[in-house]
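Hi,

Here is the structure I promised to pass on. My notes on it follow below.

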Amino acid sequence: MFVVLLSIHLISAAIWLGGAVYERFVVVQKARKVAGKELELELIKLFISTSRIFVPAVVLLLLSGIALTAQEKLAFFSGDWLGMKQVIMSLIILGFVFVQGPRNGKLSKQIEQDRQSGGIMSETTRQAFNRLYVGFDLIHIGVVINVLLAVWKPL
Ligand code: HEM
């Protein structure tokens, strides 16, 4: 059972981080290069439409993490490496629910408006995307820290 749960945990983390790297270094870089063209708007729409991949990966990572903790008879929110991982994951989920989710929804509407008025990204939409993108960068730094904590187990 431990092997199954750990495999689900690791595959979910790989999907999350792999997807983030692809978006950050391929999709966003390409969008920057074509700023002012219709492709920019389509690429940013692609960026914000990938939640159907990320959300299941995050949910599976969380559930497998909880199951691993219970199975190994480890503690929740104690002062060790695992407690730190759990705190970081909780902050990430709160960030998703209260900041990134609403920003995503708002940006989606702005993109639709831009599409209907000629297909070129407006400055307001670009600034909204930049804010969203910084939020995701912070979240992904948290995911990398969690990988390091899990592998290193410093405390
Ligand atoms: C961004 C979130 C997370 C990432 C990237 C992550 C990553 C990892 C990685 C890479 C391992 C394998 C470590 C190894 O075998 O050397 C691991 C193991 C583990 N994770 Fe996570 N994890 C995350 C969230 C969580 C959460 C939220 C929990 C608990 C609720 C959790 C509980 C565990 C447990 C119990 C293990 C097994 C530790 C062991 O006995 O070796 N993880 N995690």
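In which kind of crossing does H4 pass H5? A left-handed one, where left-handed means that the near helix is turned anticlockwise from the far one by less than a right angle, and right-handed that it is turned clockwise. Helices here are DSSP runs of H or I with at least four residues, strands are E runs of at least two, and both are numbered from the N terminus. The contact of H4 with H5 has 17 nonpolar, nine polar and five charged residues (nonpolar: Ala, Val, Leu, Ile, Met, Phe, Trp, Tyr, Cys and Pro; charged: Asp, Glu, Lys and Arg; polar: the others, Gly among them).

A word on provenance: this is a predicted model, so local features need pLDDT of at least 70 and side-chain atom pairs count only at pLDDT 80 or more, while totals for chains, interfaces and linings use all residues. Residues are numbered from 1 along each chain as its sequence is written.

On the fold, the chain has five helices and zero strands, and its C-alpha atoms fill a box of roughly 60 × 25 × 25 Å along the principal axes.

Now the ligand. There are 20 residues around it, of which Gly65, Leu68, Met89, Asn146 and Ala150 come nearest (a residue is near if its C-beta atom, placed from the backbone, lies within 6 Å). Helices H1 (2-33), H3 (51-71), H4 (81-116) and H5 (123-152) each supply at least two residues of that shell, and H3 gives the most, with six. By class, the shell divides into 13 nonpolar, five polar and two charged residues.

Cheers
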